[in-house]
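Trainee: I have a structure open and would like to learn how to read it. Can we go through some features one by one?

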Amino acid sequence: MAMKLSSIVLPTLLVILLITFNVITLSAESPTKESMENEALLPAGGRFLASNKPRAVMTCDKYPRVCRGKGSGGPDCCYKQCVNVMSDELNCGKCGNKCKYWEICCQGKCVNPSLDEKHCGKCNNRCSDKGSSCVYGLCSYA
């Protein structure tokens with residue numbers, strides 16, 4: 001009887017162990033095409049060195065031509081950032097000239113779009129000259 005029991009239990013345990021091993025192996029994350037492409041972009045040291053390695057950054061204070069490139073923030077350099085001083089509210093007309101919170105930067109000048117008849121509601125939105133005025137960013141009709 002003891003022999004019959006061990007001849008049934010041993011193969012059953014072996015089958016269970018093999019199934020468990022296969023399930024664990026198959027459930028492990030296999031590398032995808034995207035992860036393999038990302039690995040190829042990393043330096044030879046792998047992810048650890050990639051996160052700690054300082055990048056060479058071209059700032060406009062050293063390389064002013066960076067601001068003239070496609071996709072830059074503007075043609076002017078203010079505090080190591082490319083901006084357009086004709087429309088940037090933090091550098092309106094010149095670096096560091098910050099418009100008040102109710103003003104916008106139009107053509108390098110801080111204006112109040114709620115009252116300015118040349119920039120009513122937005123830049124270059126002129127109210128007609130015949131008696132209309134700018135009220136709350138809308139041109140009134142006279």
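Mentor: Start with the surface. This is a predicted model.

Trainee: Which residues make the nonpolar surface patch?

Mentor: I8, V9, L13 and I16 make it, and the patch covers about 360 Å². Find I16 on your screen. I16 belongs to helix 1, which spans residues 2-27.

Trainee: What about the protein chain as a whole? How many helices and strands does the protein chain have?

Mentor: There are 3 helices and 6 strands. Along the sequence, the order is α-α-α-β-β-β-β-β-β.

Trainee: How much of the protein chain counts as buried?

Mentor: The protein chain has 142 residues, and 16% of them count as buried.

Trainee: Now the cross-links. How many disulfides does a search of the whole structure find?

Mentor: The search finds 8. For any disulfide, check the sulfur distance, the torsion, the place of each cysteine and the cover around it. The cut-off is a pair of cysteine sulfur atoms within 2.5 Å.

Trainee: Let me try C67 and C82. How far apart are their sulfur atoms?

Mentor: They are 2.1 Å apart, and C67 and C82 form a disulfide. This pair links distant parts of the chain, 15 residues apart. C67 is in the loop between helix 3 (47-52) and strand 1 (76-78). C82 is in strand 2, residues 81-83.

Trainee: Why is the disulfide of C67 and C82 called left-handed?

Mentor: Read the torsion about the S-S bond. For C67 and C82 it is about -85 degrees, so the disulfide is left-handed.

Trainee: Next, C92 and C105. Is their disulfide left-handed or right-handed?

Mentor: The torsion about the S-S bond of C92 and C105 is about 85 degrees, so this disulfide is right-handed. The pair links distant parts of the chain, 13 residues apart. C92 sits in the loop between strand 2 and strand 3 (104-106), and C105 sits in strand 3. Their sulfur atoms are 2.2 Å apart.

Trainee: Are C92 and C105 buried or exposed?

Mentor: C92 counts as buried because its relative accessibility is 1%. C105 also counts as buried, at 3%.

Trainee: One more pair. What do C120 and C134 tie together?

Mentor: First, the bond. C120 and C134 form a disulfide with sulfur atoms 2.2 Å apart. The torsion about their S-S bond is about 85 degrees, so the disulfide is right-handed. C120 lies in the loop between strand 4 and strand 5, and C134 lies in strand 5, so the pair ties together parts 14 residues apart in sequence. Both C120 and C134 are buried.

Trainee: What is the phi of N124?

Mentor: It is near 60 degrees, a positive value in a residue other than glycine. N124 lies in the loop between strand 4 (109-111) and strand 5 (134-135). N124 counts as exposed because its relative accessibility is 51%.

Trainee: And where does Y136 lie?

Mentor: Y136 is in the loop between strand 5 and strand 6 (138-139). Y136 is not a glycine, yet its phi is positive, about 55 degrees. At 73% relative accessibility, Y136 counts as exposed.

Trainee: How far apart are L115 and Y136 in space?

Mentor: They are 6.5 Å apart, C-alpha to C-alpha, and 21 residues apart in sequence. L115 is in the loop between strand 4 and strand 5. L115 counts as exposed, at 56% relative accessibility.

Notes: Residues numbered from 1 in each chain as written. Predicted model: local features only at pLDDT ≥ 70, side-chain atom pairs only at ≥ 80, totals over all residues. Heavy atoms only, no water. Patch = residues over 30% accessible without salt bridge, like charges linked within 9 Å, V, L, I, M, F, W, Y side chains within 5 Å. Areas by Shrake-Rupley, 256 points an atom, 1.4 Å probe, with all protein chains shown as cover. Salt bridge = Lys/Arg side-chain N within 4 Å of Asp/Glu carboxyl O. Helix = DSSP H or I, 4+ residues; strand = E, 2+ residues; numbered from the N terminus. Buried < 20%, exposed > 50% of the residue type's maximum accessible area, 1.4 Å probe, protein only.
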